Amino acid sequence: MRRNIKKFMSAILTAVMLIMTACSGSNALNEEDGLRYQPEWTKDAVIYEVNVRQYTEEGTFRAFSDHLQELKDMGVTTLWFMPIHPISKTKRSGVLGSYYSITDYRAVNPEFGTAEDFAALVEKAHDMGFHVMLDWVANHTGWDSTWITEHPDWYTQDEQGNIISPEGMGWPDVADLNYDNSDMRAEMIDCMKYWVEEYDVDGFRCDFAGGVPLDFWEDARAQLDAIKPIYMLAEDDLAKELLNTAFDLNYNWGLYDAMVSVAKDSKKANILKIYIPDNLPDGTYTLNFLDNHDKNSYERTIMEGFGADSLSAMFAFIYTIPGAPLIYTGDEIGLDHKIEFMEKDTVDWESSDYSYRELLTKLGEIRSGNPALYCGNYGGNINYYETDNKNIFAFYRQKGDNCIKCIYNLSKREQTIDVSEIVDGTETVLLHGEEEMEEHPVSEDGLAGEVTLQPWEFWIISEKKG
């Protein structure tokens, strides 16, 4: 009876929260145009995944804080911190353990510093104009969590009553949570609210989001949005219903795999159209990336995936197509090293012969300065130019009088294209490859008629409409 009463009260609270959220306009339909919008600050989001342990030799919040200006200068707007919570020792994998084997959802990993250190980092980041997202692991805890002994019914158990790891995942260092338990659900949401209320974080990247029931995420989102507008990223690309109300964006795993195939010359550029979705719930979009901690540590480095020849074009591509671009720790130097996941393995920032910081800075400026490239309903849809060359990827995006045209040769060979239907000579070149960073009239480059594009050559062009 007590649990039924709690479920009833929780349902009432959720309904109230949803009404409050709708009235606030956060992640809700806009009264003027009837479209759904995410928090306003997300419109030109450039997300950076922070690996605190490996970013500096110290591996601390304080040490990382000293590098915020570098990321600000590079056009990063949003910091996603990999899990910052204490890591379980029981059944630990590796020396330092996985960030995703969490002991206490309301504490910080002492390896990184103190709670006060993290609060100071968030405050400094906010003062500099960043927004902060926490990596949230809701599917499971580590074996040292007090929930194990205090609330064993909060976990999935076998027929003998033993708590088990998530089945079929190969994660022996974690224990699977039982989402049939309403008390556990309520506490999980309270833990998320704690970081919003006490540390003023702006959102969550939710690990293995598809492994947690949809109605939990919808309850959590409603209660979080009642505190302030929240940004929610789902590590998922299959359960599109997660984007109905709970999440703003999800992963574009398919695009990543297709881009690697294009870079390795096993597929042609036109295949990428399949992975730029146009059927997501209103206003939502994908996270587009060339790297992340899973890909880097367990599959391939960004250089192994794309190589130095194609990397500039691929960076430009994910900044200009619909969605939000992600940069992982080390990508800005084309780090060709698989960062250890459970050991100390500081990024050697002097180890690369490449630097993409200037390019990323320019791409960030182009993105923030052109509404056509904004995320979701803030920006423009993608419209493709039809060409006979499957290696050329050409499109435009328009919002109001702002129109951005892009032409990419996504191949390792010269390609010919007639640009007569794309440019008329009145446009402004915002970026032509990595070498030409200064804006100039398109007429100065002789981009007219039939042209030959060098391997991985690309153009980002602005035209004022109306």
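A salt bridge is a side-chain nitrogen of Lys or Arg within 4 Å of a carboxyl oxygen of Asp or Glu. The views below come from a predicted model.

**View 1. R205 and D207 are joined by a salt bridge.** The N to O distance between the two side chains is 3.2 Å. R205 is buried. D207 is buried too.

**View 2. R300 pairs with E299 in a salt bridge.** Their closest N and O atoms are 3.7 Å apart. That distance counts because the cut-off is 4 Å. R300 has a relative accessible area of 22%, so this residue is classed as partly exposed.

**View 3. A salt bridge links the side chains of K405 and E463.** Here the N to O distance is 2.6 Å. K405 lies in strand 13, residues 402–409. E463 lies in strand 18, residues 458–464. The pair therefore ties together parts that are 58 residues apart in sequence. K405 is buried, with a relative accessible area of 5%. E463 is also buried, its relative accessible area being 10%.

**View 4. R36, R221, D225 and D248 form one network.** Salt bridges that share partners join these four residues.

Methods: Residues numbered from 1 in each chain as written. Predicted model: local features only at pLDDT ≥ 70, side-chain atom pairs only at ≥ 80, totals over all residues. Heavy atoms only, no water. Buried < 20%, exposed > 50% of the residue type's maximum accessible area, 1.4 Å probe, protein only. Helix = DSSP H or I, 4+ residues; strand = E, 2+ residues; numbered from the N terminus.
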